[in-house]
Amino acid sequence: MRLEAIPAPSLARRVGLPAAALAATAALGSLLALVAGAEPFGVLGLIVTGAAGSKFALLETLNRATPLIFTGLAVAVAFRAKLWNIGAEAQLYAGALMAVLIGAGTPAVSGPLLIPAMALAAFAAGALLLLGPALLKTRLGVDEVVTTLLLNFVMLLFISMLLEGPLKDPMGLGWPKSEAIAKEARLPRIVTGLRLHWGFGLALIAAFLVWLLQARTTIGFEMRAVGENAAAARFAGMPVERTVVLTALLSGGLAALAGFSEVAGLKGNLTLDLSPGFGYAGVIVAMLALLHPLGVIPAALFVAGIFVGADSMSRQANVPTYIADILLAAALLLMALAIFLVRYRVARD
Amino acid sequence: MTEPGEGGEAVLALRGITKRFGPTLANDGIDFELRRGEVVALLGENGAGKTTLMNILFGQYAADEGVVEVFGRALPAGNPKAALAAGVGMVHQHFTLAENLTVLENILLGGAPLWRPGLGAGAARARLAALSAEYGLKVEADARVGDLTVGERQRVEILKALWRDARILILDEPTAVLTPQEAEALFATLQAAVAKGLSIVFISHKLHEVTALASRVVVLRHGRVAGAARIAETDARGLAAMMVGAEVKAPALAPREPGPPLLELEDVTASGGRVGLRGATFALHGGWITGLAGVSGNGQGALAALVGGLARPETGRMRLEGREIGADWSPRAALAAGIARAPEDRKRDGMVGDFTVAENAALETYRQPPFARRGFLNRAARKRFAEDLIRDYDVRGPGVEAPIRLLSGGNAQKLILARALAPSPRIVLADQPSRGLDVGAVAAIQARLIAARDRGAAVLLISEDLDEVMALSDVIHVISEGRLSPPFRRGTMDAAALGLWMAGQGFEGRDAA
């Protein structure tokens, strides 16, 4: 048995297989609910209503999708150029750190420039964090999977040190958290009264801009060419190393915007549980999106919806929360498998 | 005892082997016999069908027609296990060893039964030591294969075959990757093996090796047996003529005087590939096709890298229209200097498989107007350009917005050449431009090269196909072991004479001079 690429998958294949994955997830969810003693078919309804059944639920899902769009974009951009950035989690925290450093206490920048300054500083910090692994890769051939992955732990420990030390909120009752950012440093809501901040809007704009860059500019052409075939890109006269470094700067910066958006739009301060693994989930989002920048948006909404819906379902149906975890993992695996099978078939020799 | 190859029993016989790949006839009714204790060389140019024939014998391909008999018994077609069991061992051109395992582990791999894991490592070690002493194949049983030199790896491959009691050994271009010293050691080993009763088929296109080792030679050309002879009754010149064919295509180009030298190399050494370049001097003249004949892996890669902008000379000079190349010599600089390139490995270097035909058409020019302005791509201009190219060059495929990997090799090559020749380049580097293409595509591509030459461009044609080089070139250099022969004007040399230079003869006198 071996895998065979399908040159031009049919529409039926592209729609049918992901639908089948959803159906299989649903079936598995019912089975698990049955085992846990709940009404099997009610569970699925609870997930859907939990994710999108009310205004509150929907906004919760959109809020949850916001950092996933940023990290998903970060990973999609990098993977497209065959730069395996597994460090979006660290870059996210680097961005969150900059947001707090500039926005907390008495902000150094005032007025309408404050929020852009926080965003720019966050982007720069994330970009710089990935610059090191990118240079090590292009200059010395060091595997960036290892360096970026390990930087996640370095960064988390660094943040932990800061939160126990210089950044510790004196009013925090001993909890390791930073001071809250100033009121004018907070991202406004998109619609007054609705709990959805502008981070979501920024994420959509970022996805569009990344798509524009990749599909319509010479730099994006180089990024894609280097990723698909670096030897041919070099032979055609493209600056391969420079392209990898540029990609790294963009990817790291995008991931950092997730941290900025979480701090400035939602949490208001920096804690060690700011991200429940948004950086790692970004890899899943990017893979589900087939690395397409615009595809990242529905992929992030899907992942966020399952996060939120499964969580809500476990509370309502009174089943253990780990059923939600299993369902989430199964949904992601099955969807990834379906998307893979859209383009490949298993052939027998 | 009978003299080897004289009256010995036939250990191997191929009768009427025919194999087609699509429209290509790779083997056409081939008969072949190997007797006990003899070395038969299978000689022929690349694409002559040697490797296909041996893969049929070893069971990796099933022949469309014909039978393989080993020790008088027909082998089931397409079954390597049966071939192994019958005593046929094959040493491939590209080794099939696991680099992270030791020598001993590699030899046991696939042979040792899985359900008896403890099968005395000590006994195995002793047997390996005995084998290696018997045949003079020195290896360290516990060395990691990844740490071995190429020559040592080859010894492991041969030992692997002997371990499985091979009585017939097939060696596919065994010296292609070896240094001359390693090659001599290999020959000594093989002679020892023959003395112990092994029979060997030795695939090569190097004349001097064939005459040094084999007792008999069978020459293949275009999938057929072109001739057979006992080594004692022939010479290198006769073999060369048999290999490349006496007939040479009629000249398809009108003679003309050369233009000025557009690219000159002066005593250039460069690394790259197995041998690199050793003191190469030559000039590419405008209005001429300069052919570079030679067996692949003799320095062509290093020369192409130099001209294409991927490498710089280590010593010596390289001048473009009289001016020495700058420190910023790169593919981009080469393109800017008006050098068009069709790479040897077109899939790896010439195209991005998942990009569309249109994107590949602008792969080298994407950042110039009209394909881009202010950093933004103009996709409409790119598409028009690609449509013009596929019309002019008759590139057939599913359209300019389809991925280029869907194109056949010939059509992809036409597109690469079309793209390269579109800006009317001053210099054209065509590296194996017609390798693997069908007759129609070959003719189309050769016509384009001649058109570029007639326009006044300097064309460097690197090809292993001596017929092609002789038919297209105004002047020919032969490359062998990184050295360049003097230029031979069109019509002054025949295939046999060039074949001798390709085999490395002729350089000796020059080195001494």
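1. Ile205(A) counts as partly exposed because its relative accessibility is 44% (buried means under 20% relative accessible area, exposed over 50%, partly exposed in between, with a 1.4 Å probe and protein chains only). Ile205(A) sits in helix 7 of chain A, residues 198-216 (helices are DSSP runs of H or I with at least four residues, strands are runs of E with at least two, and both are numbered from the N terminus).

2. A word on the model and its conventions. This is a predicted model, in which local features need pLDDT of at least 70 and side-chain atom pairs count only at pLDDT 80 or more, while totals for chains, interfaces and linings use all residues. Residues are numbered from 1 along each chain as its sequence is written, chains are lettered from A and ligands numbered from 1 in the order in which they are written, and side-chain values use heavy atoms, with hydrogens and water left out.

3. Ile205(A) also belongs to a nonpolar surface patch of about 660 Å², together with Ile190(A), Val191(A), Trp198(A), Leu202(A), Phe208(A), Leu209(A) and Leu294(A). Patches are made of residues with over 30% relative accessible area and no salt bridge, with like charges joined within 9 Å and nonpolar side chains (Val, Leu, Ile, Met, Phe, Trp, Tyr) within 5 Å. The accessible areas come from the Shrake-Rupley method with a 1.4 Å probe, and for residues only the protein chains shown count as cover.

4. How much area is buried between chain A and chain B? The value is about 2,200 Å², and carbon and sulfur atoms give 64% of it (buried area is the accessible area, with a 1.4 Å probe, that two parts lose on being put together, summed over both). In chain A, Arg216(A), Phe221(A) and Phe235(A) lose the most area to chain B, together 35% of what that side buries. By contact (heavy atoms within 4.5 Å), 20 residues of chain A meet 28 residues of chain B.

5. The polar side of this interface is worth a look too. The rule finds eleven residue pairs in polar contact across chain A and chain B, both residues being at pLDDT 80 or more. A polar contact is a pair of N or O atoms within 3.5 Å; within protein, one must be able to donate a hydrogen and the other to accept it, and residues adjacent in sequence count only if both atoms are side-chain atoms. Helix 7, helix 8 (218-228) and helix 9 (230-235) of chain A each give two or more residues to the side that touches chain B. Helix 8 of chain A gives the most, with six residues.

6. Between chain A and chain B the count is one salt bridge (a side-chain nitrogen of Lys or Arg within 4 Å of a carboxyl oxygen of Asp or Glu). Which residues form it? Arg224(A) pairs with Glu359(B), their closest N and O atoms being 2.9 Å apart. Arg224(A), Glu359(B) and Arg382(B) are linked in a network of salt bridges.

7. Over all chains, the structure holds 31 salt bridges. One of them joins Glu38(B) and Arg216(B) at 2.9 Å, N to O. This pair links distant parts of the chain, 178 residues apart: Glu38(B) is in the loop between strand 2 (24-35) and strand 3 (39-43) of chain B, and Arg216(B) is in strand 9 (216-221). Both Glu38(B) and Arg216(B) are buried.

8. For contrast, see Asp388(B) and Arg391(B), whose side chains meet in a salt bridge at 2.9 Å, N to O. Both lie in helix 13 of chain B, three residues apart, about one turn of the helix. Asp388(B) is partly exposed at 35% relative accessible area, and Arg391(B) is exposed at 58%.

9. Is Leu407(B) buried or exposed? Leu407(B) counts as buried because its relative accessibility is 11%. Leu407(B) lies in the loop between helix 13 (379-392) and helix 14 (409-421) of chain B. Among the residues that Leu407(B) touches are Val357(B), Val395(B) and Pro398(B). Val357(B) is 50 residues away from Leu407(B) in sequence, with 8.7 Å between their C-alpha atoms.

10. Last, some backbone details to check. Most residues other than glycine have a negative phi, and most peptide bonds are trans. A cis peptide bond joins Pro369(B) and Pro370(B), with omega about 5°. Asp165(B) has a positive phi, near 60°, and Asp394(B) has one near 55°.

Conventions: Lists of a residue's contacts leave out its neighbours within four places in sequence.
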